[in-house]
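Subject: Structure handover

Hello,

Here is the structure you were waiting for. Please open it and keep it beside this email while you read.

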Amino acid sequence: MEQTLVIIKPSAVHRGLIGDIISRFQNKGLTITGLKMMQLDEEILREHYSHLTEKPFFPSLLESMMATPVIVMCLEGIDAVEVVRLMTGATNGRKALPGTIRGDLSMSGQENIVHASDSVENGRIELARFFKPGEIFSYRPANLRFYYAPD
Ligand code: UDP
């Protein structure tokens, strides 16, 4: 089983899409092993988006990510990182394929509804950034075998 971080961004919180997004991941068969609401600040965002701090859009990205509290989730499943990135879609909502979260719910490059870790290693780093020890749980859903019949 892999773990990955999803952030439901302020664009989704403003638009009342939290439930829809959580449902998509649950319906797919991913297990929610961590979930909370938190207010992000500049310090954590500079760390999280360290690859973007020199970009001209960074100040507006900061503002956008602090506009409301966000939902952070730890999702667990076989190949969870790749599955969740596929479900998330391309960065720009206008380019993201229909059927993906961004493709279905966003028309924007910045206000693109969710963040998802892009590698197993980054998932580990990002989960440690947003969750304290003890906030991620370990359990086995009773229906797991219906999701993961052998390939
Ligand atoms: N972003 C933006 N303008 C751009 C590229 C990215 O505002 O031209 C924002 C957007 O919200 C994106 C985030 O910065 O989700 C992080 O960008 P990254 O390239 O890491 O894309 P992601 O992994 O989120 O698809």
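Leaving out neighbours within four places in sequence, Cys74 is in contact with Gln3, Leu5, Thr33, Gly34, Leu127, Phe131 and Ile136. Here, contact means that the C-beta atoms of two residues, placed from the backbone, lie within 7 Å. Cys74 sits in strand S3. Cys74 counts as buried because it has 25 C-beta neighbours inside 10 Å. The cut-offs are these: a residue is buried with 20 or more other C-beta atoms within 10 Å of its own, exposed with 12 or fewer, and partly exposed in between, with C-beta atoms placed from the backbone. Leu17 is 57 residues from Cys74 in sequence, and their C-alpha atoms are 18 Å apart in space.

Two notes on the source. Residues are numbered from 1 along each chain as its sequence is written. This is a predicted model, where local features need pLDDT of at least 70, side-chain atom pairs count only at pLDDT 80 or more, and totals for chains, interfaces and linings use all residues.

The sheet

Strands and helices here are DSSP runs, numbered from the N terminus: helices are H or I with at least four residues, strands are E with at least two. In what order do the strands of the sheet stand? The order is S2-S3-S1-S4, in an open sheet of 4 strands with antiparallel pairing. Strand S2 (31-38) and S4 are at the edges with a single partner strand each, so one side of each has no neighbour in the sheet. From one strand to the next, the twist averages 20°. Axes are lines fitted to C-alpha atoms, for helices over the stretch in contact, and angles run from 0 to 180 degrees between N-to-C directions.

Two strands pair if DSSP finds at least two bridges between them. In general, strands of a sheet pair through backbone hydrogen bonds, either parallel or antiparallel. S1 and S3 pair in the antiparallel sense over 7 bridges. Strand S1 (residues 2-8) is joined to S4 by 3 bridges, and this pair also runs antiparallel. Val6 shows both partners: it stands opposite Met73 in S3, and its bridge partner in S4 is Ala116. Ile8 stands opposite Val114 in S4.

Is S1 buried or exposed? Of its 7 residues, 6 are buried, so S1 is largely enclosed by the rest of the structure. Helix H7 (residues 120-130) lies across S1 and strand S3 (70-77), at about 55° to S1.

A loop residue

Leu40 is in the loop between S2 and helix H3 (42-48). Leu40 counts as buried because it has 20 C-beta neighbours inside 10 Å. Not counting residues up to four places away in sequence, Leu40 touches Leu45, Met65, Met66 and Val70. Pro69 is 29 residues from Leu40 in sequence, yet their C-alpha atoms are 6.7 Å apart.

Around the ligand

Which residues surround the ligand? They are Leu52, Phe57, Leu61, Thr91, Gly109, Gln110, Asn112, His115 and Asp118. A residue is near a molecule if its C-beta atom, placed from the backbone, lies within 6 Å of it. The shell has 3 nonpolar, 5 polar and 1 charged residues. Ala, Val, Leu, Ile, Met, Phe, Trp, Tyr, Cys and Pro count as nonpolar, Asp, Glu, Lys and Arg as charged, and the others, Gly among them, as polar.

Take Thr91. It lies in the loop between helix H5 (80-88) and helix H6 (101-105). Thr91 counts as exposed because it has 12 C-beta neighbours inside 10 Å. Beyond four places in sequence, Thr91 touches Gly109 and Asn112.

Now Asn112. It lies in the loop between H6 and strand S4 (114-116). Asn112 counts as buried because it has 24 C-beta neighbours inside 10 Å.

His115 lies in strand S4. His115 is partly exposed because 18 other C-beta atoms lie within 10 Å. Beyond four places in sequence, His115 touches Val6, Ile7 and Lys9.

What the record says

UniProt lists His115 as "active site" in an unreviewed entry. Its "binding site" annotation, also unreviewed, covers Lys9, Phe57, Arg85, Thr91, Arg102 and Asn112. UniProt positions use the numbering used here, feature names are shortened, and annotations may be inferred rather than shown by experiment.

Best wishes
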